[in-house]
Amino acid sequence: MLYRIGEALRQGAGNLRRRAVAVTLFAALAVALLSPIVTAKNMFVIVDGNSLTVHNTYTGDAAQALAEAGIHISQYDYVSMPEAPVSGGVVEVFIERSHTVTLEADGKTAVLSTLGQTVGEVLERTGTTLGRLDVVTPNILSPVSEGMVITVTRYDTRIEQVTEEIPFETMRTADKSINVGLEKVTQAGILGQKVLTYEISLRDGIEFSRRLQSEVLTQEPQDELISYGIGGTVVLPSGERVKYKRMLTCTATAYSSEKISNKLTAMGTIARVGAIAVDPKVIPLGSRVYVEGANGKWVYGVAVCEDTGGVIKGNKIDLFFDTEAECWKFGVKKANVYILE
């Protein structure tokens, strides 16, 4: 529960005034009752918190009268009494007792002696101000007791704005005008932005919750458009430009039928230069291809995929040569294989 300390203190002050009136009336009654039997020179009426002591003495010194009455005063207590010796009549002495309390506020702990009678009075005497949302435990109207721990928990709110990026989508489109294996960005992607506004709740300066108040789009994201090649042309040694559907990078080896009697390919054609072996799962038999070195330093030329081989699997091709000597000379090379339309 939140309290308005000013209003609470006014209520407390009113209670103290009513208590003082009651004490004065009580003292007056005591004087009236005791006056017939009083033989002492001075009567000290001592109001000590909620207790009342009447002490008759010949001394006019109030401090000595308190000592005679066995009333001890600490250095932190407040005593209202005559400074000069008195002579005759009734003398009123008011004692406000201090309490030792522990105040925990703003990350600090202080042990102090205070004259405050309520928690609110202690806070006022120590200059501890309260914010609108702050919570005091015990509440500010609670009476102060010896050894009490008073805790002020600060609550506050603040507004925070956060800018977040919105990712863009990437759209890919096939384009026959672009060579296979190549792609082109036709529209650059642009990140979007939005501003999020949060209400942050703080307890003793530390965030313990946040609530989204609003979300404002400040920049629409723009899709990235990419065209990837599904076609292209290759220039033959003759200068002719031929279209191809796709290009593969393969490992090329060589074979020959020079010393074997069966010179037929898997398709039943005669093995010859320009007829190569492929993996049908990668390049269909009957495909027309153009083969050249991946480094651009050699050319096999246009060929037809008519044969297969036990070790020709995946991106591997076997190029036919007339002689074994040519095969040994060729060895193993990287090749670009263009599958022609």
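**Salt bridges in the predicted model**

Arg-97 has a relative accessibility of 24% and therefore counts as partly exposed. The structure in which this residue is described is a predicted model. The partner of Arg-97 in a salt bridge is Asp-48, and the closest N and O atoms of the pair are 2.9 Å apart. Asp-48 itself counts as buried, because its relative accessibility is 17% and the limit for a buried residue is under 20%.

A second contact of this kind joins Arg-272 to Glu-306, again a salt bridge, with the closest N and O atoms 2.9 Å apart. Here too, distant parts of the chain are linked: Arg-272 is in the loop between strand S16 (241-255) and strand S17 (275-278), and Glu-306 is in strand S19 (residues 299-307), 34 residues apart. Arg-272 is partly exposed at 34% relative accessibility, whereas Glu-306 is buried, its relative accessible area being 7%.

The next pair leads to a wider arrangement. Arg-158 forms a salt bridge with Glu-160, in which the closest N and O atoms are 3.0 Å apart. Arg-158 is partly exposed, with 37% relative accessible area, and Glu-160 is likewise partly exposed, with 21%.

Taken over the whole structure, a search finds 13 salt bridges.

Definitions and conventions. Residues are numbered from 1 along each chain as its sequence is written. This is a predicted model: local features need pLDDT of at least 70, side-chain atom pairs count only at pLDDT 80 or more; totals for chains, interfaces and linings use all residues. Side-chain values use heavy atoms; hydrogens and water are left out. A salt bridge is a side-chain nitrogen of Lys or Arg within 4 Å of a carboxyl oxygen of Asp or Glu. Buried means under 20% relative accessible area, exposed over 50%, partly exposed in between (1.4 Å probe, protein chains only). Helices (H or I, at least four residues) and strands (E, at least two) are DSSP runs, numbered from the N terminus.
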